[in-house]
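Here is a short report on one protein. It moves from overall composition to one helix, then to backbone details.

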Amino acid sequence: MKLEVYADRMSQPSRAVIIFCKVNGIDYTELKVDISKREHLTPEFAEINPMKQLPAIVDGKFKLFESHSILIYLACAFPGVADHWYPANLFKRSKIHSVLYWHHSNLRRAAAAEAEKLLFSSLSKIESFWLKGDGPFLLGRNQPSIADLSVVCELMQLEVLDEKDRERLLGPYKKVQQWIKHTRNATSPHFDNVHNILMKVKEKLKNKPLMEANHGGARDIQKRLRSRI
């Protein structure tokens, strides 16, 4: 049976899994679970993922959730996936695990009130530590791993902000900006295609009437998106 990927492209980890499948030529069926309609909370989806979160996959009789676990499984289970995504070398693989664990305990754990403070702290750590080395990718590598894809997809949520806010947040981190660009290029054209949903949201926010925005329309949406980083 064909791999089934349950996802909502507004979800950062969902996008990472979809891009990984596309880049590596994995044959799959994408099944949309609309978070805005609370479809992830239905009894039907709980049969796929009892935690009621996205993404999740079904491969034959095998079900799996949590995006990092999914990416590791896909890298190991499907032939033809390049070694640089999840190296066979134990030492290199362990280093990638360290980034993945850091990702979950930092960028993805903040409550809304502390999200911006944590974002600055995380960007500083990426700039000064994870991007230390000669290569353009995390851990100084010359090619991207599943860690690069996971963390960049997380940061892409910033794209929905207006240019002033985005520049205020990302502007000081030149190495981070270059790394996002390198990861984007390494997964082209799939990266931009999958993130097109964010560009549509950004355009919708830009076109919101000023009065509606002042009453919480566009700015509310931006706040909700920003709080998830």
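## Overall picture

Of the 229 residues in the protein, 48% are buried. The model is predicted. It holds 12 helices and 4 strands.

The protein exposes about 11800 Å². Carbon and sulfur atoms supply 53% of that area. Take the contacts between residues at least 6 apart in sequence: 67% of them join residues at least 24 apart.

Helix α7 spans residues 163-170. Its residues D165, L169 and L170 are buried. These three sit on the same side of α7, because they cover an arc of only 110 degrees around the axis. An α-helix has 3.6 residues a turn, so residues three or four places apart point the same way.

E163 and K164 are on the other side of α7, and they are exposed.

## Cis peptide bonds

L54 and P55 are joined by a cis peptide bond, with omega about 0 degrees. P55 lies in the loop between α2 (43-46) and β3 (56-59).

The bond from S188 to P189 is also cis, with omega near 0 degrees. P189 belongs to the loop between α8 (174-186) and α9 (190-194).

K52 is not a glycine, yet its phi is positive, about 60 degrees. The loop between α2 and β3 holds K52. With 31% relative accessibility, K52 counts as partly exposed.

E66 also has a positive phi, near 75 degrees, and is a residue other than glycine. E66 is in the loop between β4 (62-65) and α3 (67-77). Its relative accessible area is 33%, so E66 is partly exposed.

How values were computed. Residues numbered from 1 in each chain as written. Predicted model: local features only at pLDDT ≥ 70, side-chain atom pairs only at ≥ 80, totals over all residues. Heavy atoms only, no water. Buried < 20%, exposed > 50% of the residue type's maximum accessible area, 1.4 Å probe, protein only. Helix = DSSP H or I, 4+ residues; strand = E, 2+ residues; numbered from the N terminus. Arc of directions from axis to C-beta. Contact = heavy atoms within 4.5 Å. Areas by Shrake-Rupley, 256 points an atom, 1.4 Å probe, with all protein chains shown as cover.
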